[in-house]
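Reader: Could you take me through this chain and show how a feature is read from the coordinates?

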Amino acid sequence: MTIAHNPLRDPRDKRLPRVAGPCVLVLFGVTGDLSRKKLLPAIYDLANRGLLPPGFSLVGFARRAWEHEDFRQIAYDSVKQYARTPFREDVWRHLAEGIHFVPGEFSDPGAFEALAMALKELDQTRGTGGNYAFYLSIPPKFFPQVVEQLRSAGLAERSAGSWRRVVIEKPFGHDLASAIELNDTVHRVFPEESIFRIDHYLGKETVQNILALRFANEMFEPIWNRSYVDHVQITMAEDIGIGGRAGYYDGIGAARDVIQNHLLQLLALTAMEPPTSFSAEAVRAEKAKVLSAVRIPGDLSLATARGQYAAGWQGGVKVRGYLEEEGIPADSRTETYAAVKLEIGNRRWAGVPFYLRTGKRLSRRVTEVAVLFQRAPHLPFSETDTEELGQNALVIRVQPDEGITVRFGSKVPGSSMEVRDVNMDFAYGESFTESSPEAYERLLLDVLIGDPPLFPRQEEVELSWRILDPVVEYWAGQPAIDQYKSGGYGPDSADELMARDGRAWRRL
Amino acid sequence: MNIDLADTTTRRIQDALTQARHLMGGPAVGMVLTLIIVTDESAQYDAVRAATEASREHPCRVLTVISRDARGSSSRLDAEIRMGETGPGETVLLRMYGPLAEHADSVVTPLLMPDTPVVTWWPGGRVPETPSRDPLGRLAQRRVTDSYAARDRLGTLARLAERYAPGDTDFAWTRLTSWRSLLAAALDQDHAEITAGEVAAEPDSPSAELLAAWLSVRLGVPVSRGTSDGPGITGVRLVTGRGDIEICRPDGRVATLRRPGQPDRQVALLRRPMPELLAEELRRLDPDEVYREAAMRFAKDLAAGKGRAESAPAAPGPEAT
């Protein structure tokens, strides 16, 4: 591993990027959408930016009768189509030399022995030093099997001076009990510090910018509390339906799919106290603290809403309803829209509701955190002057078009005094730049370097389920589920939820 | 949108900029800095293009100062405003004729974006005597030169080092980042103690000199300079007790990393185009002390070497005898 001190590294030398050490990334589930659209292009982009070590190798493992060449071709196609940075032949050629494929079933110990042999050989020929990261881009039901096979093939044991890491994607279980079980499965083989749980939202620049915005500035933090904030809305809206994910989605639903991980992580970053430092431990400790302070209201019928999209028109296209989607039973009660009101029981946030909502087939795709401030205590204008004035808001747009918007009142030009809402918009980085990485690039690099702050820890996963389980259980006991119009703003019950508090959702 | 203003004033340029922005409905991008480019007619095209590309990452106002016909007797200012066509920022080309060229700062100062940093860049061979004292350099907190483009490359680099002020930097240093990052990554792994080093490159390469100086400062060992046919830097060798750690790049594209007891590894190590160099410079605006140390060491060694070379024939030192 790293020696005590590298004389060429100097904290003042900010030009030098963090580069991963020699290693192999083993990818399970190479045929999936995620690896074709995100992971393989991200690996190329990292190589193109010079952030992968010389000799870096990628091994694909799947149930296909492929040769190395076939897998290289798949990788080539997906890089060509999806990579963010320009295609460079030299970079590709050296990356491709390190791309290997091992065919096999998850149930076949022989295949894992072949994998172990292949890895050993790479250590010899490409100097990867026995450092392996296993990326499990596969359905969670295979985790126990794969993890167990890795152990029996001796791939989970590291020799002195090398590392083993395992990367898993959401869902981390479907309730508290299954999350604990999943965790035990992985823990039997890998220690907690070797487990990297990927929530790709946390790799996004804007999400990391929440921390910079809050803790590097003086003008926001003083008003970031119950004295000034009226409420917070955290939204993840999608304009698409479930697509081909029927098998996964039905029975899971929007709350487990999105609220449990993405939205509660966003809530934690928005609401947490300042960490003592930006080390993984300190940030995770604050996140865990605020998650454990989250309370769900007593009467869930008043504090939650859910629905299924019905047939209709979305963005000029006629679309099917959820129940008519292929592979969905006609009596499914799985929600495709979920909204929940949460409270945080601490001194900073007491009495400030956090409204979380997510849904499919809504009018447009947007993910944002909106902090809405209280109205000014006194307005020295006449009633008619400020009719159009809403609440001040600070909106962190996570996707698309990452940026920050501040809404405040401004005088309308003219001889009369009229105050109306205006927006101040900041959109720096991401969409423009080669140097600002895509979320998966950032996270993959962090895995290979072994830098954990952006990965949720088991404690956070369990705390999130603790928040969500009662809601999902309550819904399971309800006889019917609302339908909402595709291409709209979600079910009426969600609007009523806000109206009861004298508030309204931000327009999507 | 393209606006040409002949024989104009800064006031009119400001008005035109404001009006253009209103007409376009106010570009949604907040500009983060002002970039002043000091150049001439022949080099402005490439420089402006590089700045436009870099401004995708750093939306900025680009003020290009082009002096023309400095010996003419009458002053005139022509301006060309480009907006919303190629990038998120604004570009203004300022052509200055006659004595006005000597007072370019008076034109540029009113056009700087308020509240944001200023960077001055001298592409091409026009390296100022002392960047931080130059009228346009004084406006900036970051001053970027390119000693490689100068006629006397090494002499220019040594002069820049001697007159260094915090905020100075040179493209010869920027070009090294990928080399330095590969070397640093190589030493992240366990290795025996390094006792000496060598940097091989084409002769007359300020980047190679800086790399050798940096290695020698950081590692505390002598680092010699070998010459090769290039292109650019072709290899770095670090001598350790257990064999050499070596990176060689004979073709300017692909580097091979050799370590004792390990297989050779290859990685693409491309020479980077100007827009990338500029974008890197705009990323960090704080003084680059690591560059300062390397440049100072180089200047010191160069002076010492010259001193030896000059005194050697007249009075051979004790070592020579």
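**Reading burial and a helix**

Author: A:Gly488 counts as partly exposed because it has 18 C-beta neighbours inside 10 Å; a residue is buried if 20 or more other C-beta atoms lie within 10 Å of its own, exposed if 12 or fewer, and partly exposed in between, with C-beta atoms placed from the backbone. This is a predicted model, in which local features need pLDDT of at least 70 and side-chain atom pairs count only at pLDDT 80 or more, while totals for chains, interfaces and linings use all residues. Residues are numbered from 1 along each chain as its sequence is written, and chains are lettered from A and ligands numbered from 1 in the order in which they are written.

Reader: Where is A:Gly488 placed in chain A?

Author: Helices (H or I, at least four residues) and strands (E, at least two) are DSSP runs, numbered from the N terminus. A:Gly488 lies in the loop between strand E18 (482-485) and helix H14 (492-500) of chain A.

Reader: How many residues of H1(A) are buried?

Author: Twelve of the 16 are buried, so H1(A) is largely enclosed by the rest of the structure; among them are A:Leu39, A:Pro41 and A:Tyr44.

Reader: Where does H1(A) bend?

Author: The bend at a residue is the angle between axes fitted to the seven residues ending there and the seven starting there. H1(A) bends by about 30° at A:Leu39, with a proline, A:Pro41, following within four residues, and just after H1(A) the residue A:Gly50 takes a positive phi of about 75°.
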